[in-house]
Amino acid sequence: IFSFLPLFFLEVSVQIWAYRVPGQKKSDSCQCDVNTTIWSFPALKYEAVQQQVETCEKSLHSLQGQVRTEDYFYGPYQYLHDRGLYTALSVRLLGQELSQLETDITVVHSQLNNAQSQKLHKEVGKLHKDVLKMQTSDTVNMKTVKEKLRYLKNNVESCKSIPKDFRGRSGLITNISDPITTKINPYDKNHISGSWGKQAQMDSGTDTETYWVQTLTSSNIYGNIVRLYQTYKDFMRSANHRDATFSSSVTAPTAIEGPSAVLYGDGLYYHCYRSADICRYDLQTNEVKRVTLPGTGVGFNNKFPYCYYECRSNSDVDVEADETGLWALYATVGNHGNLVVSKLFWDDNSKTINVSQTWETRLFKKAATNAFMVCGVMYATRYVDEYREEVFYAFDTATGKEDNSLALPLEKVAKGVASLSYNPVNRQIYMYNDGYLLAYQAYF
């Protein structure tokens, strides 16, 4: 006997009763034909019913889950307000979104490990604390937190959008304009070595329109002063400047050696005098911090200068900036004089410069006239003639791949190139060209 009880519970019982059949006497015994099929357990019927019950139970559980979800999470706002659950819903959904963001930032930070990714990691940690507070208090402004979350997500997506493939990728420079700025350095054209540019930190809290020039005033090798202009107009007119002295003399340990520097945030980064160190001069506090570059036999004091056509004295260590942060380009004995790329970042909490990662290339440093970084890719140039350079080589730090078949022209007004640097804010390339200051627009 099979019967269904409410709520889809099944009870099965089997009853066996006496079955009387006629028989025949044969010899001294009684024989009868007995049909035992009526005593067989209906296995097939039982299995069919059991399947139906299981199907019903699954449907019931699914329905209960849908009702629970709709009632508590995705129901009308009024329903949630009546039960005091609207804030809890928002916090829960926000927490889920924040968890995904933390995962994305962890992936980006493990790949890049630069100042920007570190900043994102710290900010999302602060935001996480705010969300935890919201679980017990409504005093935190939900709208403000959501806007902050959106800002962080946009930054993460920007980092994640940095191309990872090399050949044919959209992140490579496709063309460089003719010079759009041509000017003699603030001293005179006899000062043939130095560097110049614009504030390079994209989210800098300082004036993003600051222009600077660092001219090597001692033997075209050493210096200790950087000239700053608040606007491009002041720079072009050579007006309203201020000079910041970052070393007591041109031969002090904190003086600059070689024609390479970059203004990034509140710091001027450059190669420290006769050392394998990078220095950072703080424009606000006048403090100088330094870090030693990794590698066996880091070249300095004119050991591995840029040298394709004629060597640029003491251009051993090159400091650069791009969309991902700060870089140092140099050569080592351990890498056979080939270019080495190291990622730098400034830790604002500990007030230290750090090296997060290093790549060794196969490009001999003396085979290039200069180099610069764009979106994690190092580009190197070589001499063509007195009035033209060309970008001929690229190394992608994201993949470790290289390309030596580029031929992007760079027009110039004099023979020698002291320094080249890229600015991610306006995507311009700055050249110190034997005393002349040139700027180009990069196209992608």
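Here are some questions and answers about a predicted model.

Me: In the open sheet of four strands, which strands stand at the edges?
Reply: Let's start with the strand order, which is E16-E17-E18-E19 with antiparallel pairing. The two end strands each have a single partner strand, so one side of each is left without a neighbour in the sheet. Those edge strands are E16 (318–322) and E19 (352–364).

Me: How big is the average twist from one strand to the next there?
Reply: We're still in the open sheet ordered E16-E17-E18-E19. Going from one strand to the next, the twist averages 25°.

Me: Which residue in E19 does Ser342 stand opposite?
Reply: Strand E18 covers residues 338–347, and it pairs with E19 in the antiparallel sense over nine bridges. Look across from Ser342 into E19 and you'll find Thr358.

Me: What is the volume of the largest cavity?
Reply: The count comes to five cavities of 30 Å³ or more. The lining of the largest one includes Tyr306, Arg312 and Lys415. By class, that lining has six nonpolar, two polar and four charged residues. As for its volume, that's about 110 Å³.

Me: Which strands each supply at least two residues of the lining of the second largest cavity?
Reply: This cavity has a volume of about 50 Å³. Among its lining residues are Trp196, Ala261, Ser421 and Tyr430, and the whole lining divides into seven nonpolar, three polar and one charged. The strands that each give at least two residues are E7 (194–198), E12 (256–264) and E25 (419–423).

Me: Is the aromatic pair of Trp196 and Tyr430 stacked or edge-to-face?
Reply: A pair of aromatic rings is described by the distance of the centres and the angle of the planes. For Trp196 and Tyr430, the centres are 4.6 Å apart and the planes are at 75°. An angle over 60 degrees gets its own label, so this pair counts as edge-to-face.

Me: How many residues apart in sequence are the parts that this pair ties together?
Reply: Trp196 lies in strand E7, while Tyr430 lies in strand E26 (residues 428–433). That means the pair links parts whose separation in sequence is 234 residues.

Me: Is Trp196 buried or exposed?
Reply: Trp196 belongs to an aromatic cluster that also includes Tyr211, Phe235 and Tyr430. Its relative accessible area is 1%, and the cut-off for this class is under 20%. Tyr430, at 2%, gets the label buried. For Trp196 the answer is therefore buried.

Note on methods: Residues numbered from 1 in each chain as written. Predicted model: local features only at pLDDT ≥ 70, side-chain atom pairs only at ≥ 80, totals over all residues. Heavy atoms only, no water. Pairing = 2+ DSSP bridges. Axes fitted to C-alpha atoms, helices over the stretch in contact; angles between N-to-C directions. 1 Å grid on protein atoms, 1.4 Å probe; cavity = no way out; pocket = protein on both sides within 12 Å on 5 of 7 lines; lining within 4 Å. Points joined across faces, edges and corners; volume = space filled by probe spheres on them. Nonpolar A, V, L, I, M, F, W, Y, C, P; charged D, E, K, R; others polar. Phe/Tyr/Trp six-rings, centres within 6.5 Å; stacked < 30°, edge-to-face > 60°. Buried < 20%, exposed > 50% of the residue type's maximum accessible area, 1.4 Å probe, protein only.
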